[in-house]
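Please consider the model shown here.

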Amino acid sequence: TVDGITLTTNGSTVTTISGRLEWECDENGTKLPLRIARVELRDQDVLGSQCIAEQYPDTNGEYCFTFSEWEELENGGADVFIRCYLESETFEVGRIWQSDELPFIDNYYFDTLVVENVNSGTTVEYNSYIGYDEGVAAQKAAYVHQGMVVGQRFAYAMGMRTNLNLNVASPASAPFTDLHQSGFCGGNINEQCMAAIGTDNFNSFDTHIHEYGHFVQWSMGNYGSSLWDIFLNGARHNAWDDHFDADYNKTYAMDLTWSESWATAFSQIAQRYYANEYDGVPGYNDISPYDPEEYQTYINHYETYDYGNDSGEAQEYAVTAALWDLFDSGTNESFDTVSWGYQKWWNFTTRQGTYTLTDFANVIDTYYDLVLYLH
């Protein structure tokens, strides 16, 4: 981290340690708030350090610790610093998975400089940022963390609450050594879900939020496949394939198609929801909050999808296109009069027990007329 530190005497006995965290999202030094990453206020001792208090910075990356009885610490003084973990309310990002160590416990964190002999009545302000360096795994992991924060914030804004926790490995390693250009999320072991982000996808918001979308499905009771199903059938798949043609059983093919299609739609809709917060990302425009060319190609594919022979319930592109069309305004399709928007899309597509497109169709059949009547 790179720190700017200011100390002042505030004229009272109240001691305040506050600051703002940022992260660089590109090699040009473009900075964004480091949102909702757990921070600890720590006191440096001879044999290490101890945590005094902790909290999550807000969506501006700002935090504030306030004490009225600071004098109890070291006779009026303490050697303080901030430790920032790449964790959030529902997930944490850790180092390389080892095949004999699941889930991992070695999470990334960053320390600010130590300010010595902070006395009662002192105000300390830390302004720190995490630099961009593709050669440092911990700094790339900050990108992964902030990508998943977008998914977490959107899910919470729509009403999700969960006691589950997602362990995210970045970069992906054993047993996922082939995931250089992709991601993985699955499994629920003792209330712990697992995810991995490929080394070449550390800066892909699409991938981060998509994988977090699978965690949302676990949390909402909509993930139909067990971890055993995933390992038995294989985690690798292509969105353009008909999964009925793969070497899967029919139930797994339908579960896989819905799960992947929903997570893709979730990722794109969540990005749209927070688009105005990413103006600082180079190349941002009103179409794409992250990568205009890639995003526009992505959305155009679903907007202009030609429903035909390749439009079955085991084909991800077709199901994703349908989910997107239910959400969007349909301005480029005169026949598309459905535009659910964020909350209605969420309410219908996350109803517990929705594992397949058929399950979703049953939800519509059961509840849609009632909703129309009530509104």
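The sections below set out the basis of the model, then helix H6 and strand E2.

## Basis

This is a predicted model, in which local features need pLDDT of at least 70 and side-chain atom pairs count only at pLDDT 80 or more, while totals for chains, interfaces and linings use all residues. Residues are numbered from 1 along each chain as its sequence is written, and side-chain values use heavy atoms, with hydrogens and water left out.

Helices (H or I, at least four residues) and strands (E, at least two) are DSSP runs, numbered from the N terminus.

## Helix H6

Helix H6 spans residues 316-327, 12 residues in total. From first C-alpha to last it reaches 17 Å, close to the 16 Å expected at 1.5 Å a residue; that expected span is 1.5 Å times one less than the number of residues.

Because 10 of its 12 residues are buried, H6 is largely enclosed by the rest of the structure. Buried denotes under 20% relative accessible area, with a 1.4 Å probe and protein chains only. Among the buried residues are Glu316, Trp324, Asp325 and Phe327.

## Strand E2

Strand E2 (residues 15-24) is mostly covered, with eight of its 10 residues buried. Strands pair if DSSP finds at least two bridges between them. Eight bridges join E2 to the parallel strand E11 (residues 122-130), where Asn127 is the partner of Arg20.

E2 runs antiparallel to E6 (residues 62-67), with six bridges, and Gly19 has Tyr63 as its partner there. Strand E3 (residues 31-33) is also antiparallel to E2, through three bridges, and Trp23 is bridged to Leu32. E2 and E3 form a hairpin with six residues between them, and Gly29 in the turn has a positive phi of about 85°.

How values were computed:
Buried means under 20% relative accessible area, exposed over 50%, partly exposed in between (1.4 Å probe, protein chains only).
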